[in-house]
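Please describe this structure for someone who has not seen it before. Cover its sheets, its aromatic rings and its charged side chains.

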Amino acid sequence: MLRSTDWHGMQAVEFSKGDYTALLIPGMGANLIRLTNTRLGAEILRAPADDEVETFKGRPHVFGLPILFPPNRIEDGRYTFGGRTYRFPITNAKEHHYHHGILKSQPFAVSKAWETGEEVLVECRYYSNAGNDAIFRDFPHEFKCKITFRLTTQGLEQEVMFANRSAESMPVGVGFHTPMQIPFAGGEAADYVMRVAVGEQVEMSGRNIPTGRKLPLSEQFARLREGGLRVTDCEPIEAGFTLREIEVDGKPFRGALVENLRTGVRTFYEVDRQTTYWTIWNNGGRVPYCCPEPQSWTTNAPNAADPAAEGFQAIAPGESWRMKFRLYAK
């Protein structure tokens, strides 16, 4: 099934395949606000309730699959690359940072949508240029962002692509502020744990900026690798980590998963090699979700002592860059 529909006054795309149903809001950062496995009764992502529509419009990054470009914080809202200083508005006054970028709330257009016997595909595009002041004002590169969703009987595959249409190399740092729903299929918070492919913990300053030091995992966060950690109805968590694969079902796994210990049902979030860093955030610990946020670069990487070592990349003129993910339940 694939259809255009109205969601609280916003154009939406609803699509399904097999046991999976998804709902996409192109006009709000091409945010896939719902992904459900109906057979398992598993709500994989936090979806806005009917009384949370205005909250979604103001804070789209706490629902669905919101894109962050660039991810997390840029210290003092500025960095230098290629002889140019990039200046961004201060959106976190307390810490004096630029926070989460602006693409998460920009209007994308649906450029392709089709259904075959094997999949449903929906593609959304956004173009930044001198006539699109919301982005170009602070990031003066012409670029195309394309987000493609493929839904099959095995779950969702998502790809984000950036193409540099400007005459100079363009910095690229991408993340997703993905709130995984917990509980996702009934029960209580105590029934659920999260595992994440974390390596070392990244030490943070008092302004939540990496200091450059990498620390061994604490006893608490070591449970993210083995056994699982309770991440809702618990103490606040806001921490950064390098990525190192874990073993799941006897195989290497690069991503995050949430498990219902009572039923054994799990929701999975797989990432590709472009993800080098995680931020894990549970918004104070008293909400029914936790965000394992995959990032292609470490928070504030452009201002690091060695940006390349922290995942900083640039796209040459005329070239493109891609990042891929999978979400599913079983």
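Arg73 is buried, with a relative accessible area of 6%. Here buried means under 20% relative accessible area, exposed means over 50%, and partly exposed lies in between (1.4 Å probe, protein chains only). The model is predicted: local features need pLDDT of at least 70, side-chain atom pairs count only at pLDDT 80 or more, and totals for chains, interfaces and linings use all residues. Residues are numbered from 1 along each chain as its sequence is written, and side-chain values use heavy atoms, with hydrogens and water left out.

Arg73 lies in strand S7. Strands (E, at least two residues) and helices (H or I, at least four) are DSSP runs, numbered from the N terminus. The side chain of Arg73 has a polar contact of 2.7 Å with the side chain of Asn72. Another polar contact, of 3.2 Å, joins the side chains of Arg73 and Glu238. A polar contact is a pair of N or O atoms within 3.5 Å; within protein, one must be able to donate a hydrogen and the other to accept it, and residues adjacent in sequence count only if both atoms are side-chain atoms.

**Salt bridges**

The structure holds 28 salt bridges. Each is a side-chain nitrogen of Lys or Arg within 4 Å of a carboxyl oxygen of Asp or Glu. Some of them are listed here.

| Pair | N to O distance |
|---|---|
| Glu43 and Arg34 | 2.6 Å |
| Arg207 and Asp76 | 2.9 Å |
| Asp138 and Arg137 | 3.5 Å |

How far apart in sequence are the parts that Arg207 and Asp76 tie together? They are 131 residues apart, because Arg207 lies in the loop between strand S19 (198–204) and strand S20 (210–215), and Asp76 in the loop between strand S7 (73–75) and strand S8 (78–81). Arg207 is partly exposed at 29% relative accessible area. Asp76 is partly exposed as well, at 33%.

Asp138, by contrast, is buried, with a relative accessible area of 14%. Salt bridges with shared partners also join Lys112, Glu123, Arg125 and Lys146 into one network.

**Sheets**

Strands of a sheet pair through backbone hydrogen bonds, either parallel or antiparallel. Two strands count as paired if DSSP finds at least two bridges between them.

Leu257 has Phe268 in S25 as its bridge partner.

Another open sheet has five strands, in the order S1-S2-S3-S4-S5, again with antiparallel pairing. S1 (2–7) and S5 (42–43) are its edge strands, and each pairs on one side only. Strand S3 (residues 20–25) and strand S4 (residues 31–37) pair in the antiparallel sense over six bridges. Thr36 in S4 is the bridge partner of Thr21.

**Aromatic rings**

A search of the whole structure finds 21 aromatic pairs. Rings of Phe, Tyr and Trp (its six-membered ring) pair if their centres lie within 6.5 Å; planes under 30 degrees apart count as stacked, over 60 as edge-to-face and the rest as tilted.

Phe139 and Phe143 form an edge-to-face pair, because their ring centres are 6.1 Å apart and their planes are at 75°. Phe139 is buried at 6% relative accessibility, and Phe143 is buried at 0%.

Is the pair of Phe268 and Tyr328 stacked or edge-to-face? The pair is stacked, because the ring centres are 4.8 Å apart and the planes are at 10°. This pair links distant parts of the chain: Phe268 is in strand S25 (residues 266–271) and Tyr328 in strand S29 (residues 320–329), 60 residues apart. Both Phe268 and Tyr328 are buried.

One aromatic cluster is formed by Phe69, Tyr79, Phe81, Tyr86, Phe88, Tyr98, Phe139, Phe143, Phe162, Trp297 and Phe312.
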